[in-house]
Amino acid sequence: MLQVKRVEKSYAKGGIFSKERQQVLNRVTFDCREGECLGIIGESGSGKSTLGRLILGIEKPDSGSVLFDGKKLKKSLSKSGIISVVFQNYKSSINPFFTVQQAIMEPMEITSRNTMESRKKVVWLLNQVGLPSSYLNKYPHELSGGEVQRVCIARAISTEPKCIILDEAISSLDVSIQTQILELLKRLKDTHNISYLFITHDIQSAAYICDRIIIFKNGQIEEIVKTENLKNTQSAYAKQLLKSLMIY
Amino acid sequence: MRFLKSLFKDKLAASSLVVILAVIIIGVFAPVFAPHDPLEVNISKKYAGSSWEYLLGTDQLGRCVLSRLIYGIRPSILWVMAALMLSVLIGAVLGFIAGYFKGKVDALIMRVCDIMLSFPGYVMPIAFVGIFGVGLENILIAFIIMKWAWFTRVIRTSVMQYTELEYIQFAKAAGVNHFKIIRRHLIPVTLADIAVISSSSVCSMILQISGFSFLGLGVQAPAPEWGMMLNEARSVMFTRPELMLAPGIAIITVVFAFNFLSDSLQTIFDPKLMKSKKIRTEKVEA
Ligand SMILES: Nc1ncnc2c1ncn2[C@@H]1O[C@H](COP(=O)(O)OP(=O)(O)OP(=O)(O)O)[C@@H](O)[C@H]1O
Ligand SMILES: [Mg+2]
């Protein structure tokens, strides 16, 4: 369904007169099937978030392309409502001046004009992510981190996307809340048939929710493994991650 | 509304605002409030002390000090504020463009700002006055030309920092148009910064304009202006100190009011900061 083909990206390093560039992504190629959860694991600074931004279309790749159903779309995938995103930092994921309702309505307003209908949908969406409708008029600073992340998930699914990029969406939550959100994500995946790009550096949660896992290093794909075969992974980074898991 | 409510909870901020508003109103309606014509010369009554007719006495030409003080609000405060607003407006527009769209536009605007900012602050107005002649207008124009670059710089930095925030990234990704993103997401959060920047720099501008008038480069006699009133009172500083006190206290009061207000605005505008302030005071009490 979603195909990433030989995507490359580099950023200018130093001042405006410097020609030096830092290669952040190097010929990244993979595909994500419908309803699949694809994990992307890599060290900090390996370019995972950059990859996420390229797929969303906030930034353009230097070369290579992001295809949907084999076609290159005119508008970016996120603007066409095919892909949505949940970010890591829940503290700044919602405009502090917006209520929960305004936040969730924002992406919906672009596609539909009917505000009455959307209002009903917001309540429904809140229920989907396990929040009562009394949360409609709360401000983000009145919510806990887990609740904000639930609202963000509701906002992400509001446009009925085919795929959601979860960029460390649960990493800054504490462990018990993490499992709750993972459960929620799993349930939503089954009921709505959404695929996930689950970006993380926590191999445990990736193993819990993902069907396949991409091991990412220095802007390159080291290996793509099925979660069942994670034990037999070849790449050094994954082995190291697994080893640190064994200690627990 | 929430803004006004929290403003009035803060006593100091509220009273500063009241002072500033009162000064502005008195300045705008100066003919209503002033007991005399500020230019009316009455040599026979010169250096009169305070009386019912002349509440603050008269100056070396027998003009009513209170009336001159009231009319002096116009050049000293109102025109300064207008000049400030204009430069903030220019700075905001350019700052938003540079900070939001980045890239080449940003580089271009920033280089122009660099050029403007490389002139030392006092040289430009003096050079301007040297070319176009003395007068308040020329000083104000020179100020606008000088200051917009600085405001652009500061506002751009603030905008840039906010565009990195996740909710703006999300809005961009979802395809909300740029104009809407700026209006809904950026202006409300940067407004706090802009208010704080402009309210704190209004003080330095008031002082500088008064300074120029004190030096005789700004407002020309006989028009009343606070800085010039100070200058005129200088010669009788020891025999009639009250002539210096009136404009001096007026300047100090207004500058203080703006300073206090700018301090409080910072906390008031930010819902998160306000919460942390509450927590902080609770901690102190505990
Ligand atoms: N806009 C940018 N301009 C310049 N360099 C950038 C930019 N965005 C990212 N980079 C660089 O690209 C590299 C990869 O960043 P990225 O955020 O994708 O890493 P990441 O894998 O998501 O790390 P983390 O796990 O810490 O989130 C970093 O070295 C960063 O400095
Ligand atoms: Mg990242």
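In what order do the three strands of the open sheet in chain A stand? In this predicted model, where local features need pLDDT of at least 70, side-chain atom pairs count only at pLDDT 80 or more and totals for chains, interfaces and linings use all residues, the order is S2-S1-S4, with antiparallel pairing. Residues are numbered from 1 along each chain as its sequence is written, chains are lettered from A and ligands numbered from 1 in the order in which they are written, and side-chain values use heavy atoms, with hydrogens and water left out.

Strands here are DSSP runs of E with at least two residues, helices are runs of H or I with at least four, and both are numbered from the N terminus. Two strands count as a pair if DSSP finds at least two bridges between them. At the edges of the sheet sit S2 (21-32) and S4 (63-68) of chain A, each pairing on one side only. From one strand to the next, the twist averages 20 degrees. S1 (residues 2-12) of chain A runs antiparallel to S2(A), and eight bridges join them. Along this pair, A:Val4 faces A:Phe30 of S2(A), while A:Tyr11 is set opposite A:Gln22 of S2(A). S1(A) also pairs with S4(A), antiparallel again, over five bridges; here A:Leu2 has A:Phe68 of S4(A) as its bridge partner.

Now for the helices. Two packed helices are described by the angle between their axes and the distance between the axes. Axes are lines fitted to C-alpha atoms, for helices over the stretch in contact, and angles run from 0 to 180 degrees between N-to-C directions. In chain A, the axes of H2 (residues 100-111) and H3 (residues 115-128) come within 10 Å and cross at roughly 110 degrees. H2(A) and H3(A) are therefore roughly perpendicular (65 to 115 degrees; under 35 is roughly parallel, over 145 roughly antiparallel and the rest oblique). The contact (heavy atoms within 4.5 Å) involves residues including A:Ile104 and A:Met108 of H2(A) and A:Val122 and A:Leu125 of H3(A).

Chain B has a crossing too: the axes of H5 (residues 103-117) and H7 (residues 136-163) of chain B come within 9 Å and cross at roughly 140 degrees. That makes H5(B) oblique to H7(B). Among the residues in this contact are B:Ile109 and B:Cys113 of H5(B), along with B:Trp148 and B:Arg156 of H7(B).
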